Amino acid sequence: MRKRNRLALFALLGALTLVAAACADEDEGGAETGATGGTGTTGAAVDCEADPFGCVEVGAGEPITVGTLLAISGDVAFLGLDSQYGVELAVDYLDGAFDGTPGQIAGHDVSLVNEDDGCSAEGGQAGATKLAANTQMVAVIGTSCSSAALGVADKILADQGIMLISPSNTNPNLTAEGVTTGFYARTAHNDKIQGAIVADFAYDELGATSAATINDESPYADALAAVFRSVFESKGGTITTFEAIQSSDTDFKPLLTSIAEQSPDVLYFPDFNPACALITSQAADIPGLADTALIGSDGCADPSFTETAGAAADGAYISQPDTSAFTQGDFYQNDFLPAYEELVGDTPTAAFHAHSFDAMNILADAIEAVAVQNDDGSLTIPRTALKDAVLATSGYEGITGTITCDALGDCATLVTIGVYQVPDVPFDDPQAKPVFSETKSLADVAA
Amino acid sequence: MSATGSRAVGGGALGRLERLPLRRIVLTALSIGVLVAVVYGSYRTLTLPAGQRYSASAWRDFIVLGIAQGAVYALIALGYTLVYGILRMINFAHGEVFMAGAFSSYFFADAWKDSGFMDDRTWLSLVLLVLIAMGVSVLVAVLLERIAYRPLRGAPRLVPLITAIGASLFLQNTFRGLFGSQTKGYPKPTALEGTWTILGIPIQKVQVIVLVVATVSMIALTLFVARTKTGKSMRAAAEDQEIASLMGIDVDRVIVTTFIIGGMLAGIAGVLFALTFGNISYFMGFAPGITAFTAAVLGGIGSISGAAIGGLTIGLLQSVGPALLLTGANVPSPFQLKDVVTFAILILVLVFRPGGILGTGEAEKV
């Protein structure tokens with residue numbers, strides 16, 4: 001009898017807790033919409049009731065919460081950490097100088113909440129859910145990998161009206177008409193451009209007439225290989241085989257032997273490390289591939305590629321954003337790079353730190369444009385207006401170039417992709433020069 | 001032929017059910033299905049038009065690759081089969097014993113490659129690497145036996161199994177925590193790049209070494225078990241532990257010896273694997289561990305030659321299988337499905353010979 005009573009008591013407590021939690025949320029929402037509508041000293045009256053996602057209220061003296069969702073652990077940590085440092089440097093530079101003290105947006109400090117996207121759908125879901133649960137979250141810089149964003153993080157954050165700006169997602173579907181969530185933008189290139197430029201390199205520069213591709217299970221590799229294939233074929237080349245692997249595979253010899261049978265001029269494997277590095281090192285043992293040019297893309301572009309593949313990597317090509325377009329610039333050389341090395345203790349390990357720097361700055365500008373200063377020193381940031389402001393960014397002079405976002409979220413509309421040849425690669429030597437470089441806009445490849 | 005013969009527990013009503021023709025019909029139908037797929041796929045591949053067909057050299061490469069890989073799996077499978085023979089327990093942590101050896105030899109290999117020692121004295125450095133890997137693997141195996149398995153000697157069969165899985169996870173994550181989750185490139189001596197031509201067939205130098213070392217190890221093991229006194233004690237303890245201890249055999253010593261031998265073989269396999277595939281990571285023991293266990297079962301768990309044959313078979317299936325069976329059938333990206341091919345054939349074999357290829361024809365309850 002006593003046991004049953006205790007059980008009933010716990011059940012009741014549990015139910016009450018659930019009710020309290022549900023009510024609490026509603027109250028907070030109410031407070032947000034209720035307390036605003038005031039005319040701030042900057043800008044017109046903001047009506048949070050009309051905004052479908054409401055506003056973020058940043059109290060007086062409270063920081064603005066910005067999240068990052070990047071691949072900061074595992075084999076792709078090079079990529080995510082590099083982008084995270086770019087964001088941290090951007091926060092530092094808000095006061096106009098790389099002095100180690102963070103600056104402010106609209107008179108408020110910035111508080112960064114860093115999460116790991118794991119370069120996978122599971123990681124993206126876990127990280128995005130955590131960030132979306134924070135009602136003070138204004139926006140998120142992320143994700144590193146398209147697999148974490150597509151249909152996962154972008155949807156979870158868009159459902160809460162949280163803007164997602166990616167420094168390195170390149171999958172075309174993220175900004176495709178009808179697929180994009182609207183609360184998404186990216187400063188990285190759209191892979192429709194990269195795939196086309198690599199095909200141009202292979203066909204025009206290397207004179208290749210046949211190619212084989214190997215992609216892994218990620219949306220990034222899948223889409224990039226598909227773009228390459230369609231552009232290569234439309235130029236008159238033939239695709240001998242298109243193969244798929246698991247990113248966790250380590251044995252590629254039978255696959256490479258099979259590919260070697262057709263003697264393709266080019267083998268394109270836009271995958272991640274360690275698969276890229278292992279394909280390269282194992283291809284060296286296949287005599288049939290001795291004359292085949294090996295090409296990887298920005299998923300391969302981190303120091304572990306040359307470390308793991310060793311001597312076999314020499315002569316392989318890697319495509320990535322042509323950083324020499326801006327690394328030769330005065331700001332990058334004399335201000336940004338030294339500040340990066342000061343913060344991290346090493347030269348950049350991936351290509352997207354400048355993109356994340358620009359992304360954070362675009363966000364900061366957008367917040368300054370739409371946020372309303374209230375008389376009591378608090379800040380009101382309407383979510384939909386913020387999204388609109390980001391997507392309306394036009395003519396912004398970032399490190400990566402002049403940035404103008406289009407309505408679908410592609411902010412890098414004019415993109416320069418460089419093809420580098422090992423050992424002259426930017427992730428090992430920031431001053432590396434590409435052997436081939438081309439600039440395209442989205443309009444050029446929109447077909 | 002009933003698939004679970006005299007060892008099936010709870011005869012009676014269950015026994016009668018087993019003799020129902022329906023079960024046999026379904027199993028036989030499935031096996032025929034797999035067999036037909038195999039024959040059809042092979043036929044289509046071999047009769048592809050000239051431009052798309054694999055050349056003789058490609059088949060040669062697949063086969064040699066399969067045998068070399070199979071040799072490595074055989075070495076690991078021996079560890080499983082020896083431990084099962086004596087303890088009737090699957091040592092799921094054996095994959096991590098293998099990983100530990102390969103991982104520790106990596107640090108030396110990397111240092112020696114950088115300093116040039118590896119290229120100056122290639123054979124000496126290789127021997128030292130194998131000794132280091134063997135040493136660490138043996139250490140891990142003995143610690144496993146002492147800490148994780150010995151206290152559970154009399155426990156119900158499921159308990160040491162779960163402990164083994166737990167030990168496996170523990171070891172994986174210890175290495176991950178200590179050395180990071182990054183895959184590391186294993187250096188290859190320059191002298192071992194390229195091919196040797198043996199009997200007119202160019203074979204990768206590394207593959208030749210793998211085959212030679214693996215064969216020598218297995219012969220040594222067979223001789224050891226068949227001719228020496230310790231080997232005799234091992235066979236006795238494998239047959240019946242109680243009687244063996246009554247005969248004056250120190251069963252504890254025998255068990256430790258078994259783990260030591262298993263560890264030594266795993267250490268050798270570790271270096272061979274690292275040289276063949278050129279990389280190591282904390283997770284590298286997982287897949288080869290499962291494959292090797294499958295190989296041991298396929299060949300007949302508890303039998304040494306069974307492990308060798310099972311390993312070779314699986315190695316060949318993984319290498320030649322997708323090429324032979326799936327390319328002709330126009331399956332896209334056939335090599336993605338190498339595990340499907342391997343395990344489908346495994347099921348086929350086990351349906352007709354549940355004890356494995358060299359087993360007794362009856363099922364073993366693990």
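Author: Helices (H or I, at least four residues) and strands (E, at least two) are DSSP runs, numbered from the N terminus. Residues are numbered from 1 along each chain as its sequence is written, while chains are lettered from A and ligands numbered from 1 in the order in which they are written. This is a predicted model, in which local features need pLDDT of at least 70 and side-chain atom pairs count only at pLDDT 80 or more, whereas totals for chains, interfaces and linings use all residues.

Although Ala106(A) is not a glycine, its phi is positive, about 50 degrees. Ala106(A) is partly exposed, with 17 other C-beta atoms within 10 Å. Here a residue is buried if 20 or more other C-beta atoms lie within 10 Å of its own, exposed if 12 or fewer, and partly exposed in between, with C-beta atoms placed from the backbone.

Now for the sheet around that loop. Its 6 strands form an open sheet with mixed pairing, in the order S3-S4-S2-S5-S6-S7 of chain A. S3 (104–105) and S7 (184–186) of chain A are the edge strands; each has a single partner strand, so one side of each has no neighbour in the sheet. Strands pair if DSSP finds at least two bridges between them. S3(A) is joined to S4 (residues 108–116) of chain A by 2 bridges in the antiparallel sense. In one of these, Ile105(A) has His108(A) of S4(A) as its bridge partner.

Two helices pack on this sheet. Helix H3 (residues 121–132) of chain A touches S2 (64–70), S4 and S5 (137–142) of chain A, and its direction makes about 150 degrees with that of S4(A). Helix H13 (residues 383–391) of chain A touches S5, S6 (163–166) and S7 of chain A, with its direction at about 25 degrees to that of S6(A). For these angles, axes are lines fitted to C-alpha atoms, for helices over the stretch in contact, and angles run from 0 to 180 degrees between N-to-C directions. Two residues are in contact if their C-beta atoms, placed from the backbone, lie within 7 Å.

A cis peptide bond links Gly142(A) to Thr143(A), with omega about -5 degrees.

Chain A has another cis peptide bond, between Val422(A) and Pro423(A), where omega is about 10 degrees. Pro423(A) is in the loop between S17 and S18 of chain A. These strands, S17 (residues 414–421) and S18(A), pair in the antiparallel sense over 6 bridges, and Val415(A) has Lys440(A) of S18(A) as its bridge partner. Lys440(A) belongs to the covered face of S18 (residues 436–441) of chain A, along with Phe436(A) and Glu438(A). The uncovered face has Ser437(A), Thr439(A) and Ser441(A). In a regular strand the side chains alternate between the two faces of the sheet.

Finally, a word on the partner chain. The contact takes 24 residues from chain A and 22 residues from chain B. On chain A, elements including S9 (238–244) and helix H8 (275–283) each supply at least two residues of the side that touches chain B. H7(A) gives the most to that side, with 5 residues.
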